[in-house]
Amino acid sequence: MDRTQLIDLTYEAVDEIKNQDMYHSYITAKKAIDKPELKPLFDAFIEAKNYFDEVSKYGKFHPDYKQATLKLMEAKTALYSTKEYMAYQKANETLNLYLRDIAFKITQMLSECLVTSDKKASCHTKGH
């Protein structure tokens with residue numbers, strides 16, 4: 001099997017993942033948080049985060065540090081407590097955990113095929 005065939009198989013695996021319910025749940029949740037109704041909450045969060053980042057460069061000694069912290073916490077709570085954002089976070093986490101697991105297993109299998117000067121590659125003795 002050459003490199004092109006392996007890449008084609010990878011695309012097939014990606015297509016298989018995209019056909020799963022967890023992927024569709026993620027896409028649905030992503031579309032839900034992109035609704036115009038949530039835009040003001042996102043804008044407020046981004047504005048508060050930028051303000052906090054600017055103020056926190058100077059640490060707790062900046063006169064607006066407490067105000068910036070409070071503003072960020074309020075904006076974050078307002079956004080993160082919406083049912084749409086909570087559903088998005090859950091779908092995102094579920095999909096990412098699944099993808100990390102797959103990536104880990106693939107990396108593990110490939111690392112077994114690495115040949116080093118002090119260790120014989122174990123994948124050459126397994127299967128065919």
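A: T28 is found in helix 2, which covers residues 21–33; helices (H or I, at least four residues) and strands (E, at least two) are DSSP runs, numbered from the N terminus. The model is a predicted one, in which local features need pLDDT of at least 70 and side-chain atom pairs count only at pLDDT 80 or more, while totals for chains, interfaces and linings use all residues. Residues are numbered from 1 along each chain as its sequence is written, and side-chain values use heavy atoms, with hydrogens and water left out.

With a relative accessibility of 55%, T28 counts as exposed, where exposed means over 50% relative accessible area, buried under 20% and partly exposed in between (1.4 Å probe, protein chains only).

Within helix 2, the residues Y26, A29, A32 and I33 are buried. They cover an arc of only 125 degrees around the axis, which puts them on the same side of helix 2; the arc is that of the directions from the helix axis to the C-beta atoms. On the other side of helix 2, T28 is exposed together with K31. The buried residues of helix 2 pack against helix 3 and helix 5.

Helix 4 (residues 65–80) can be read in a similar manner. Its 16 residues should span 22 Å at 1.5 Å a residue, in agreement with end C-alpha atoms that are 22 Å apart. Here A68, L72, A75 and L79 are buried. Seen down the axis of helix 4, these buried residues fall within an arc of 70 degrees, so they line one face of the helix. The face turned away from them carries the exposed residues K66, E74 and T77. Among what covers the buried residues of helix 4 are helix 3 (39–56) and helix 5 (83–111).

In the loop between helix 4 and helix 5 sits T82, which is buried with a relative accessible area of 13%. Leaving aside residues up to four places away in sequence, T82 touches L38 and L41, a contact meaning heavy atoms within 4.5 Å.

As for the whole protein chain, there are five helices and zero strands. Of its 128 residues, 16% count as buried. Among contacts between residues at least 6 apart in sequence, 53% join residues at least 24 apart. The chain exposes about 10,200 Å², of which carbon and sulfur atoms supply 59%; accessible areas come from the Shrake-Rupley method with a 1.4 Å probe.

Helix 1 (3–18) and helix 5 each supply at least two of the lining residues, and the largest share, six residues, comes from helix 1.

Definitions and conventions: Expected span 1.5 Å × (residues − 1).
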